[in-house]
Amino acid sequence: MYVSDQELKAIMAELGDKMLLIRADASVAIGTGHVMRCLALAQAWQDTGGRVIFALAAGAEEVEERLRAEGAAVVRVSGELGSGEDASETAQLCAKYRADWLILDGFHFSQAYRESVKTDASRFLLLDDYGERGPYKCDLVLNTNPYALDAMYPKREEQTCFLLGPKYALLRREFLRSPMRSPDVPATASRVLITFGGADPHNVTLRVVEALQEVSDVQLDITLVVGASNPHLASLRAAVERSFHVVRLLSNVDNMPQVMTQAELAISAGGGTCYELAIMQVPMFLIAMARNHERTVEAYGQARAALAAGWFETLARESLAASLRALIGDPRLRKELVENARRMVDGRGAQRVVEAMLRRTAASGV
């Protein structure tokens, strides 16, 4: 059923009090990426007048305050992640709060889990990154990765709609409202941002800081951004003290767009931060630090939207330093990376997803 833009506005007015329940998790092992990309979707839902509840398991304390500050309610799920008890609690929450949509974002939500929480009362969106979780048994499948193509989903279920690719990239509103960095590309990228998400369990940040010690022909101004729950703060503080570059360590940052605006080069992983850097027009040097990031890093590299360094364990200090030194001194390449990345992301991804959800609601006759 196609719904015109004019009809969509009328639907949005009618559904102003609709409830969105988001089931996602954050921890040192999982990171914060699942919850934070869902926050972008929550914000877009709130922009239509709807309400949002996040259902989180233990370990997500770092993000709770942020979610509540954004006007979302937070409730706890006590069952083991992905277990039958977890699914039962989530289904009960859907019923208790009369959720119109349920969103699941996490690798531990199996097919059996998804079948357990599916009800006639709530429509259901699944965030997917691999294309290997069918049959999906849901209303919408969202895969925002740059490698997400129709060919990944050859066996389509009639009741399921697939939203694929970076046009659906989920960007929080602070990135959409923040001024972008200057389009000028300096001859030398001396201001370097290093960010590997909220957890960085393998301490890839330290590996990069040590590699930059080998870049001795230019004075760098380095900013390290780490999560409050990062378990490696002591080793990072020690590295800051012994570096001959200017290095500052920031923890639990709440002004990431402003931090990115100051950067002339970002060294990061292959998660949602890539979309943030893309729209902020910061050239990217990407290192895969989790298996679910490998294809993303490779896809950005193939699109020449980032310099892809590969898997972190394979990077020797000398070769990593050589690659970074070359990019730091190559303004033409950095400009090309920025232009290609910016073409992938226009900032309307979360809005497009919510529009698809509302059209689905309308098609269901609600």
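**Stop 1: T261**

Select T261, which lies in helix α9, residues 256-261. The model on your screen is a predicted one. Is T261 buried or partly exposed? Its relative accessibility is 22%, so T261 counts as partly exposed, the cut-off for buried being under 20%.

Now show what surrounds T261. Leaving aside residues up to four places away in sequence, T261 touches S178, P179, M180, R181 and M280. Pick M180 from that list and draw a distance between the C-alpha atoms: T261 and M180 are separated by 6.1 Å, although they are 81 residues apart along the chain.

**Stop 2: helix α3**

Move to helix α3, residues 61-69, and colour its buried residues, V63, E64 and L67. These three lie on the same side of α3, because they cover an arc of only 120° around the axis. An α-helix has 3.6 residues a turn, so residues three or four places apart point the same way.

Turn the view to the other side of α3, where E65 and A69 are exposed.

Before leaving, select G71, which follows α3 and has a positive phi, near 90°.

**Stop 3**

Show the side chains of R68 and E64, which meet in a salt bridge with an N to O distance of 2.7 Å. Side chains of opposite charge can pair when their charged atoms come close. R68 and E64 are separated by about one helical turn, because they are four residues apart in helix α3. The two partners can also be compared by accessibility: R68 is partly exposed, with a relative accessible area of 45%, whereas E64 counts as buried at 12%.

**Stop 3: other salt bridges**

How many salt bridges does the structure hold? There are 24.

Select D25 and R23, which form a salt bridge whose closest N and O atoms are 2.7 Å apart. D25 is buried, with a relative accessible area of 3%, and R23 counts as buried at 0% relative accessibility.

Next select D129 and R37, whose side chains meet in a salt bridge at 3.1 Å, N to O. This pair links distant parts of the chain, 92 residues apart: D129 is in the loop between β5 (123-127) and β6 (140-143), and R37 is in helix α2. Both D129 and R37 are buried.

Select D47, R66, E70, R172, R173, E174 and E276, which are linked in a network of salt bridges.

**Stop 4: the second largest pocket**

Last, colour the lining of the second largest pocket by residue type: eight of its residues are nonpolar, four are polar and five are charged.

Notes: Residues numbered from 1 in each chain as written. Predicted model: local features only at pLDDT ≥ 70, side-chain atom pairs only at ≥ 80, totals over all residues. Heavy atoms only, no water. Helix = DSSP H or I, 4+ residues; strand = E, 2+ residues; numbered from the N terminus. Buried < 20%, exposed > 50% of the residue type's maximum accessible area, 1.4 Å probe, protein only. Contact = heavy atoms within 4.5 Å. Arc of directions from axis to C-beta. Salt bridge = Lys/Arg side-chain N within 4 Å of Asp/Glu carboxyl O. Nonpolar A, V, L, I, M, F, W, Y, C, P; charged D, E, K, R; others polar.
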